[in-house]
Amino acid sequence: MTGTVVKSTGSWYLVREAAGGQLLRCRLRGKFKIKGLKVSNPLAVGDEVEFDVEAQTEGAGVIFAIGPRRNYIIRRSVHKSEHAHIVAANLDQALLVVTLVSPATSFGFIDRFLVTAEAYHIPVRLLFNKADLYDEETADYQTQIASMYASLGYPSHLCSARTGEGVGEIDAVLDGQVSLLTGHSGVGKSTLINALVPDLDLKTAEISQFSDKGVHTTTFAEMLEVRPGTYLIDTPGIKELGLVDVKPAELAGYFPEFRARLNQCRFHNCQHTHEPGCAVREAVEEGKIALPRYESYLSMLGGEDNRR
Ligand code: GDP
Ligand code: ZN
């Protein structure tokens, strides 16, 4: 049988069977290794697996094969940088919930997420939540920011999880996709999930029934069914995703508006910080690259994520 991992606790996997859609508790057969990746978990939410249900395992499945991953997102362990944790695999898109007020999400955080998603080849949409709190000035500001990000290839949606404004538009972009939903705590992610997923309490209860007793599973992602074919991956407790294997020399390539200008710098190894004849800095000075984006680049270049 084939199916998709909808939750993992480390030793058990909850798998949605592809044909009938029922949820089955599964274990891994033998030792599982995935080539080239040093990770603490062999399987993650979104992985496609093959499994058997054997009589002697009391209705539980045994996973014996995993399908190729189209992409994945990982979180680096705080303590051991070589031991990354795969948060989710096979995503069609990532939705980043952000706010301009109560609280305001920083550009640094947004840009860091966008770079991560670029590195993983995952399209991103920005969801500006709490629109009901906007005054006229904030609304204008949101329009400007949204159009800046749209010009880079990241569409935005304005919504209020509280009033329901814009939620229908978000539901439409979820349709038929596997979408990762994430954001800083307090931005209204839970409220939005409640607005998007019918019978959320029932579905969450059904999923958590399968969790190991005594194991804290709140930091594990889970895949929620919005309707058949449409899935939302919630990532509780995950504030920041790890930027793995992005070397300083590669960083500029993950900023789409830099990418287009990289071969115009005088030096081929230009880091776009101080070098003469730098096309990126020139574009910043001419207002063709937004200053906050360039500042995000500099901060990431000097930051911990790229020291490795
Ligand atoms: P999470 O930490 O991202 O999951 O955020 P929550 O969904 O728990 O929401 C955090 C707070 O923001 C709660 O007090 C919500 O009621 C509030 N909130 C969520 N969405 C909206 C919104 O669209 N408008 C307003 N005014 N408040 C919201
Ligand atoms: Zn340059």
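Is E286 buried, partly exposed or exposed? I looked this residue up before anything else. E286 is partly exposed, because its relative accessible area is 46%, and the exposed class begins over 50%. I note here that the model is predicted.

**Entry: the partner of E286**

I checked what the E286 side chain meets. It forms a salt bridge with K288, at 2.9 Å from N to O. Then I looked up K288 itself. K288 has 55% relative accessibility, so K288 counts as exposed.

Next I turned to D111. Its salt bridge partner is R293, and the closest N and O atoms are 2.8 Å apart. I asked where the two residues sit. D111 belongs to helix α1, residues 107-119, while R293 belongs to helix α9, residues 291-302. The pair therefore ties together parts that are 182 residues apart in sequence. I also checked burial: D111 and R293 are both buried.

I followed the shared partners from there. Salt bridges join D111, E257 and R293 into one network.

D47 is in the loop between β3 (23-28) and β4 (48-53). R69 is in the loop between β5 (61-66) and β6 (72-76).

**Entry: the zinc ion**

Last, I went to the zinc ion (ligand 2). Which residues coordinate it? I found C265, C270 and C278, each through SG, and H272 through ND1. The distances run from 2.1 to 2.4 Å. Along the sequence, the donor residues follow the spacing C-x4-C-x1-H-x5-C.

Why is the arrangement around the zinc ion (ligand 2) tetrahedral? I looked at the angles between the four donor atoms. They span 102 to 117 degrees, and that makes the arrangement tetrahedral. The cut-off asks for all angles to lie between 85 and 135 degrees. For comparison, I noted that the ideal angle for four tetrahedral donors is 109.5 degrees.

H272 has a relative accessible area of 4%, so H272 is buried. C278 comes to 5% relative accessibility and therefore counts as buried. The limit I used for buried is under 20%.

Conventions. Residues are numbered from 1 along each chain as its sequence is written. Chains are lettered from A and ligands numbered from 1 in the order in which they are written. This is a predicted model: local features need pLDDT of at least 70, side-chain atom pairs count only at pLDDT 80 or more; totals for chains, interfaces and linings use all residues. Side-chain values use heavy atoms; hydrogens and water are left out. Donors are N, O and S atoms within 2.8 Å of the metal (3.2 Å for Na, K and Ca); water is not among the atoms, so sites may look incomplete. Four donors count as tetrahedral if all angles lie between 85 and 135 degrees; four count as square planar and six as octahedral if opposite donors are over 155 degrees apart and all others between 65 and 115; anything else is irregular. Buried means under 20% relative accessible area, exposed over 50%, partly exposed in between (1.4 Å probe, protein chains only). Helices (H or I, at least four residues) and strands (E, at least two) are DSSP runs, numbered from the N terminus. A salt bridge is a side-chain nitrogen of Lys or Arg within 4 Å of a carboxyl oxygen of Asp or Glu.
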